[in-house]
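Here are a few quick notes from my pass through the file. Have a look at the structure first, then read on.

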Amino acid sequence: SIFFFLGGYGLYKKYFGKRYNLAERLKKLYFAYWKIFVIFVPIGFIFFSNQNAYCADAGVYSAFSSFSIKEFLLNLTGIESTYNKEWWFLINYAIALVLFPLIRKIVDRFSVGVNITIVALVTILLTDIFPYAACFWMGAIVARHSLFDKLYSSIPQNKILRTIIDVSIWLFVIVLRQKITGDQLDIIFVPLITIASIDIVGRLNFLKNCLTPLGKQSTNMWLIHTFFCYYFGVTAKIVAAPRYAIPALIILFAMSYAASVLVDKFWKKAIHFLT
């Protein structure tokens with residue numbers, strides 16, 4: 001939900017008053033995907049095609065047990081995500097990019113109230129067909145009407161009180177998100193937790209300095225991390241070894257970040273060599 005929201009927000013900001021270049025956006029999306037695909041999918045078939053059952057889901061440990069050209073091409077285009085189930089996100093985001101000109105026209109034409117009403121209907125009607133479309137739309141609405149700026153100005157300037165409010169928003173969203181089944185209310189939760197997070201990070205330079213390098217690698221890390229915690233049995237066992245969520249998450253972050261940096265270095269050298 002957060003990724004789609006920020007995607008809609010960022011696209012609207014980037015192309016405000018400008019011509020939208022769909023080909024450029026799709027090229028950027030798929031090139032980022034293929035840079036990981038052409039490395040990790042072959043690794044899966046070469047080293048992890050015959051794994052013992054290390055989890056209850058056969059689709060995980062046998063994802064690379066057989067190869068077909070059709071399945072390969074469907075995964076390469078993102079139409080299917082059998083090599084990595086978490087890559088379902090790709091085709092949905094590609095659809096969002098295609099629909100963005102229409103969404104932008106509606107956002108520009110109608111008031112914030114009308115747009116939020118439409119988003120609520122999209123949440124009800126399209127959740128199963130196009131997951132998180134409403135969050136993408138909501139991101140564009142927030143960008144169009146400068147709702148972040150309005151939220152910022154409404155938060156008291158006192159640092160202690162501001163921190164209390166930010167933490168309270170975090171707890172409020174997390175608790176309710178746990179208790180309410182589904183993601184129908186994410187169009188409300190996501191803007192709130194985003195503004196609280198930005199506010200906290202903006203006032204804590206040490207946290208900003210830690211998160212900035214992670215942000216630069218975030219796309220690669222998202223595409224890579226599930227291989228390490230699910231599909232590659234050896235690394236999945238390493239990640240799960242601590243038996244507790246936080247140390248397991250730290251290990252996964254470290255592995256994903258290191259792999260992302262290496263992938264970036266590899267492609268920079270490859271492109272330099274080819275050009």
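**Notes on helix packing and aromatic pairs**

1. In this predicted model, helix H12 (residues 218-231) packs against helix H13 (residues 233-240) at an angle of about 85°, and their axes are 5 Å apart. Angles from 65 to 115 degrees count as roughly perpendicular, so that is the label for H12 relative to H13.

2. Who makes that contact? On the H12 side you'll find Phe227, Phe228, Cys229, Tyr230 and Tyr231, and on the H13 side Gly233, Thr235, Ala236 and Val239. Sorted by class, the H12 contact with H13 comes out as seven nonpolar residues, two polar and no charged ones.

3. On to the rings: searching the whole structure turns up 40 aromatic pairs. Take Phe45 and Phe67, whose ring centres are 5.3 Å apart with the planes at 85°; planes over 60 degrees apart count as edge-to-face, so this pair is edge-to-face. The pair ties together distant parts of the chain, 22 residues apart: Phe45 belongs to helix H2 (residues 22-47), while Phe67 lies in the loop between helix H3 (58-61) and helix H4 (69-76).

4. Buried or exposed, what about Phe45? Phe45 is buried, at 18% relative accessible area, since the cut-off for buried is under 20%. Phe67 is partly exposed, at 48%.

5. Phe67 also forms an aromatic pair with Phe72, this one tilted, at 5.7 Å centre to centre and 55° between the planes. Phe72 is partly exposed, with a relative accessible area of 25%.

6. One for the charge-and-ring folks: the charged end of Lys14 sits over the ring of Tyr15, 5.8 Å from the ring's centre.

Note on methods: Residues are numbered from 1 along each chain as its sequence is written. This is a predicted model: local features need pLDDT of at least 70, side-chain atom pairs count only at pLDDT 80 or more; totals for chains, interfaces and linings use all residues. Side-chain values use heavy atoms; hydrogens and water are left out. Rings of Phe, Tyr and Trp (its six-membered ring) pair if their centres lie within 6.5 Å; planes under 30 degrees apart count as stacked, over 60 as edge-to-face and the rest as tilted. Helices (H or I, at least four residues) and strands (E, at least two) are DSSP runs, numbered from the N terminus. Buried means under 20% relative accessible area, exposed over 50%, partly exposed in between (1.4 Å probe, protein chains only). A charge sits over a ring if NZ of Lys or CZ of Arg is within 6 Å of the ring centre and within 35 degrees of the ring normal. Axes are lines fitted to C-alpha atoms, for helices over the stretch in contact, and angles run from 0 to 180 degrees between N-to-C directions. Angles under 35 degrees count as roughly parallel, over 145 as roughly antiparallel, 65 to 115 as roughly perpendicular and the rest as oblique. Contact means heavy atoms within 4.5 Å. Ala, Val, Leu, Ile, Met, Phe, Trp, Tyr, Cys and Pro count as nonpolar, Asp, Glu, Lys and Arg as charged, and the others, Gly among them, as polar.
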